[in-house]
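Subject: The structure I mentioned

Hi,

Here is the structure I said I would pass on. Have a look at it first, and then read my notes below.

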Amino acid sequence: MINLTYDVIVIGGGPGGYVAAIKAAQLGAKVAVVEKERLGGVCLNWGCIPTKTLLHNAKLYKDIQKSGDLGIRGIDKEKLNIDWKSFIAHKDSVVDRLVSGIYMLFRKNKVDLIEGMAQIIDKTHVEVNGQTLESKNLIIATGASENIPDLPGLKDGFDKSLLLNSRATLQIEEIPKEPVILGGNVYAVEFATLFNALGSNITMIFNSDGILSTVEKEMSKTLERQLKKDGVKIIAKAEIKSLSYEGIIADVKGKEKIYKADKYLLSLGIKPNLSGLENLNLKLNSKGFVETNEKMETNIKGVYAIGDVNGKYPLAHVASAEGIVAAENIMSKVSKMNYNHVPLVAYTFPEIASVGLTEEQAKEKGHDITISKFPLSANGKALSEDDTVGFIKIISDNEYGEIIGTHIMAGNASDMISSAVAIMQLEGTVFDMAKTILPHPTSSEIFMEAAFGAIDKPIHI
Amino acid sequence: MKYEYRFPDIGEGIHEGTIIKWLVDIGDNVNEGDSIAEVETDKVTTEIPTPKSGKVLELMADAGDVINVGEVFITIDTSGEADETEAQVDENEEIVEEETAGVVGEVIVSSEEIPPSTEGIVSTKKAVNKKKILATPVARALAKDLGVDINEVIGTGPGGRVMKEDIRNFKDSLSEIEEPKSKVDEVSSDFVKLEEEVSKGESITRVPLTRIRKTIAEKMTQSRFTIPHTTAMDEIDVSKLDDFRKKYKSILKEEDVNLTYLPFIIKAAITALKILPEFNASLDEENNELILKHFYHIGIATDTERGLMVPVIRNVDRKSIVELAKAIVDLGTRAKENKIDLSELKGSTFSITNYGSIGGYYGIPIINYPESAILGLGRVVKKPIVRDDEIVIAKILPVSLSYDHRIIDGASGARFLNILRELLTDPELLLLKS
């Protein structure tokens, strides 16, 4: 009998992999993580955290520009400018602090870190840097990379650093003056928000009818209007044809158009990182991602797949939740993934955050629903902070008043959505929410008001 | 203090009983352990003892009434009793009445359990979970609407929280169980048709089934539709056994022992069971395992006025033929007089049915589920047989052995009968071997 060295080897140290490793170690497993670059994965190093750091700076810059209206004197708008290199340095220091925190957590939980590219030999053997490791279980957490469509010039542009993925964008030398963003998804919109706030002239080109096609319609429409108001050019229903030094050539409503930019930012979806996994013969779904069940098991016994590589939700918090489910299943705990209440946030100005069903989805599923809306403009805290663009919309099922969808647009929607996630996870109703005493003044009060609205009428409108 | 005594759970999954007779009257003083009523359940008639001493205040049902487990059926004024120790016990070990939300009103399940015997009360205390069950608001509302007892639902949410999906799944599983009911409905609608047809000049009488008849019906259906029965038959020459029996019959008669064929047949059967253990077994279908039993409790099918009863003679292998003869008479008499305990009606590992005592010859007995075999005995008759190439008159015992063909092959059935034949044709060999 082979005496396996590890109980679990995790391939990839992103928010899915490192969380899975720590959880498995806490449950008593002997764990190793194989990471080819830096712990923290895309999210910490080249995704969520860096963009949020830069967006915070950008917001501050915008607020300072507006501060004169509130009576703050002594700021010369003419002299106000951005030291992009310092922005990047600050971002890097934040990232470094967080990443070093994971190294510390690994030491604390006795998780072995093996740096290198993993080549899987079979379901119990992994080769890294010529060394073979044995493990009873594998967790595949290799993530995903940007999808570069097979169109003329795109690959070439990418190689020549004319077309940038999000990782390259975050290392960019200077703020692009007239970037063209390919795509209309959350990442595209966040980059548009960032560079727009920092003074770039932005054009967004994408195929769908509008930005954020998967988000609640009224919110995405409102945000699109807001972006246009701020000077972002939005070219919807455009079919990108090719990229050359002349620019991006796209078919817009039957006409061929050229969009010239100093930088082209790529945000056209992702594809799973499957290199090194070939020997496993993992079953893939129709989109090419690793197929998993609710226990995060793949078709190979003892091999689990979490995070972007399974293509369910390309979100760090989902990857972490999946990592915990995989670790618990490996350690013989009953654990299943429930995707019904996954929150989704776009860190735009204002932010938008959603959990559960949209109006259309709820109707499609046959729910008899009530939609209750409450605007941020009737909220004390929002007014005092001069941040009144936005609203909340809650969708409740009429049978018991269960809240089945919550959509918030507000400056701090990302923080406000958490109470909705919690109450929906507990299958709470509008009656429960209306009875909940919320602190005053907070922007979260709009949630309670909307709950009153769903039952009868809101108080403050 | 007024004590409300709820009809106790006497075990065996009995939910209701019929009060045959009150043994006390209003105003009577009763002592703890005194029998207060005779109650018929679907298994047995039993006397219910009172758990408290005092004066009978009310009798909440009349003789003939059906009472459900958990219903108050008598109240007793216990104020005359100052039982300090008991009060103490009650304080420390509170007997909680479990409240369960039912479809129709609320059923209060008595937390007291007593054995059906009249030996006295064994105070068993059920651990009752009185904690509010962890459930989501929607799950609670849904449970109420669907008439689901949320306490019975196993939650799959974090920390065992009952989610709305759990209620739906529970309800679905209930509906699946309830499904056979609709079959019954179909059948009864056939009977409605029958009633319409016979109304032309003919007549029928509808006789409600007694509890015992209902139980018999259920048990027979379960056995016949679960076990693929097969029956082996044979004729055994018991002439020598009859001579042997007659030789001692009169002697034993003085000791009040009626020596019939049955104790010998039981002995022979035990010997066969020891050689062929699959006949003293049960099939565990869930785990695909055969449960071989290393004890021999023989059920004796007995005809009583109220219907078929199967009292059990325990540890038959350790009893002599005379002891068996006594036990047969004792149990048979008490079964007929309805003076038998529930405990004496269960635990058999093999059964014998002696329809020959009434006059049958061959039968195809139905196995006493979940046993694996049953031996049927016909009437012993004189028959011409060929013995040593001569036609002689012999006493012939016809036997029918039904067995579970899932676990016992035909060859084994034949072997079992061979052993019986060998032993019953030669009583001396029987005595040597048993």
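Before the notes, one term: I call two residues "in contact" if their C-beta atoms, placed from the backbone, lie within 7 Å. Keep in mind too that this is a predicted model.

Skipping its neighbours within four places in sequence, A192(A) is in contact with I181(A), I202(A), M204(A), L227(A) and V232(A).

A192(A) also turns up in the largest nonpolar core, which has 77 residues. Together with I205(A), Y264(A) and A451(A), A192(A) touches the most other members there. Helix α7 of chain A (residues 186-197) supplies the largest share of this core, nine residues. Domain 2 (154-268) and domain 3 (350-455) of chain A each put in at least three residues. There is a second, separate core as well, with 58 residues, including V126(A), L138(A), M296(A) and A305(A).

Now for where the chains meet. Seven residues of chain A and eight of chain B make up the contact. On the chain B side, helix α2 (residues 137-146) gives the most, with five residues. That side has six nonpolar residues, one polar and one charged.

How far does the confidence go? The model scores ipTM 0.71 and pTM 0.59. Chain B has a mean pLDDT of 80, with 80% of its residues at 70 or more. Two stretches of chain B stay under 50: residues 82-130, where the model has 67 contacts beyond four places in sequence, and residues 179-187, where it has zero.

Cheers

Key:
Residues numbered from 1 in each chain as written. Chains lettered and ligands numbered in written order. Predicted model: local features only at pLDDT ≥ 70, side-chain atom pairs only at ≥ 80, totals over all residues. Core = buried A, V, L, I, M, F, W, Y, C linked by C-beta atoms within 7 Å. Buried ≥ 20, exposed ≤ 12 C-beta atoms within 10 Å, placed from the backbone. Helix = DSSP H or I, 4+ residues; strand = E, 2+ residues; numbered from the N terminus. Domains from an automatic or database assignment. Nonpolar A, V, L, I, M, F, W, Y, C, P; charged D, E, K, R; others polar. pLDDT = per-residue confidence, 0-100.
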